[in-house]
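Please look over the sequence and the structure before reading on.

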Amino acid sequence: MSSLMKSTAILTIGMFLSKVLGLVYVFPFYAIIGQENVALYSYAYIPYTIMLSVAISGAPIAVSKFVSKYNSIGDYESGRKLVKSGLLIMTITGFLSFLILFLLATPIAHLVIKDEEQIFSVAQIASVIRWVSFALIVVPFMSLVRGFFQGYDHMKPTAISQLIEQIVRIIALLIGSFLIVKVFGGLAETAISFAVFSAFIGALGGLLVLYYYWKRLKPEFDLKLSQSVSSGKLSYKEIYSEVIRYSIPFVFVGVANPLFQLVDMLTFNTAMANIGLSSVTDLYLSMLNFTTHKIVIIPVMLATGFSMALVPTITKYFTSGEHTQLIHAMDKTYQILLFVTLPAVVGISILSKDIYHLLYSNDAMGASILAAYAPVAILFAFFQVTAALLQGIDYQKWIVFSLLTGILVKLTVNIPLIEAFQTKGAIIATAMGYTVSIVINMVVLKKALNYRSFVVIRRSILITILTAIMAAIVIIVHKLLLLMGVAETKWQALLYLTICATVGVVVYGYCSLRVGLAQKLLGERITRISRKLGM
């Protein structure tokens, strides 16, 4: 279990820093291109993300599962055989994905534009989609190497390469867009085209990091290869049929969130036009799919870290018949996930006005969408983790079924709910779709593993109570601050946020330590700290 927690911590820290950078760059970029142009940027990224998920075919986790499985029985040859041949295949896959997205840019743009009152034209949207498609050439190649490292329980190369990839992308994006708009007086559309192309530049940076780690770790891999107990027994056909079987569900897991966003992208403008709101539909959709989503997705990083670290661990326990350890890993995962994400999303909802003001602008609609959207992050997180658990026990087909069912629910209710509640209707439809998918996943896990855990239920209730206490105190503190004056500047918003967030962390941390919950979930180090504090 300590290995799982260490692996999760490495991936989560890397992803946390990557997500923070992915949020921080938005502020200056938002200021450079202006609020009205953010939607154009988001229109390019949703189809890109979907094609990226298809291109990499769930490679990092699927490959890590394959390598971990065969390493556990001493067959190191099969993993090396996979990575050698897979690099060529992923390069071809990436190039084909680039071509498909590049050529489909105009048809996709036609699906988005629903009314002449919308801000952007078909040509503008198609142009930015073409520019972002170049990143698909490099990223699939990287994903295979990351999966190989993870199969050997080396999580640092993935975490650091993701971080460097993000840093290089953001530097290129900000410098390029600033020069285009502020120095050369170019169009915001040109700056956005370069900004989306920076994903390709960032991917090259991540690839260099992986090359460094490959050279560094190759002696270890070669040593284990020389000790392989069943070299060459698996044919390429057997290897790839197994990896593809693992990969398909991960394509769906990776594409889950973008697919829900794609439903909004394709139906939101129609629904808003139906109720006479075409003039604001681009702005509201950019708030839903880009500005608020950037914030909401941050609490989900723990789930992503757990998902990537869980699969090889759960596979190992399941393959070796260690049922008790498997159930214990599931229990711990559910509890830690709720322990971290619930207070985070509640805090974001309570402080949404100040958060949106600080990060973007003092916009009541943006703050309202953020407050409504934040709680859905819990559903994002639990879908990822339950899907990872199903993958670990070889119940992949149920992931596909549960996600497609959830998407069908979203498709069915999206337009009626948007027409009734505007942007919040899209959020409600997303929550309904994810809830259906999660329920299906958890029912399958219960049947497959005879899983039931009263300790998870008890501690979930306790976490909810502690979060409610924290929320009540933060609301009171925030109300007292507002009596001193509304936050009219970003500095005031930052001050109010800092005070309220500090109070929330202290109250939640104290309460969880006082009742012993933090010690039970987070291990010996927290226990030692609590003893020093006299708890």
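## Cavities

The structure contains 2 cavities of 30 Å³ or more. A cavity here is a set of points, on a 1 Å grid over the protein atoms alone, where a 1.4 Å probe fits but cannot get out; a volume is the space filled by probe spheres set on the points. The model is predicted: local features need pLDDT of at least 70, side-chain atom pairs count only at pLDDT 80 or more, and totals for chains, interfaces and linings use all residues. Residues are numbered from 1 along each chain as its sequence is written, and side-chain values use heavy atoms, with hydrogens and water left out.

The second largest cavity holds about 40 Å³ of space. Its lining (residues with an atom within 4 Å of a point) consists of Asn257, Phe260, Gln261, Asp264, Asn289, Tyr373, Phe380, Thr430 and Tyr434. Helices α11 (236-274) and α19 (423-449) each provide at least two of the lining residues, and α11 gives the largest share, 4 residues. Helices are DSSP runs (H or I, at least four residues) numbered from the N terminus. The lining divides into 4 nonpolar, 4 polar and 1 charged residues, where Ala, Val, Leu, Ile, Met, Phe, Trp, Tyr, Cys and Pro count as nonpolar, Asp, Glu, Lys and Arg as charged, and the others, Gly among them, as polar.

## Helices α14 and α19

Helix α19 also packs against α14 (residues 323-350), at an angle of about 160 degrees and with the axes 12 Å apart. Axes are lines fitted to C-alpha atoms over the stretch in contact, and angles run from 0 to 180 degrees between N-to-C directions. The two helices are therefore roughly antiparallel (angles over 145 degrees).

From α14, His323, Leu326, Ile327, Met330 and Tyr334 meet Met442, Leu445 and Leu449 of α19, contact meaning heavy atoms within 4.5 Å. This contact of α14 with α19 comprises 7 nonpolar residues, 1 polar and no charged ones.

## Helices α8 and α10

Helix α8 (residues 139-151) packs with helix α10 (residues 188-226) at about 30 degrees, their axes being 10 Å apart. That angle makes α8 roughly parallel to α10 (under 35 degrees).

On the α8 side, the residues in contact are Val139, Phe141, Met142, Val145, Arg146, Phe148 and Phe149; they meet Ala203, Gly206, Leu207, Leu210, Tyr213, Trp214, Leu217 and Phe221 in α10. By class, the contact of α8 with α10 has 13 nonpolar, 1 polar and 1 charged residues.

Definitions and conventions:
Angles under 35 degrees count as roughly parallel, over 145 as roughly antiparallel, 65 to 115 as roughly perpendicular and the rest as oblique. On a 1 Å grid over the protein atoms alone, a cavity is a set of points where a 1.4 Å probe fits but cannot get out, and a pocket is an open set with protein on both sides within 12 Å along at least five of seven lines; lining residues have an atom within 4 Å of a point.
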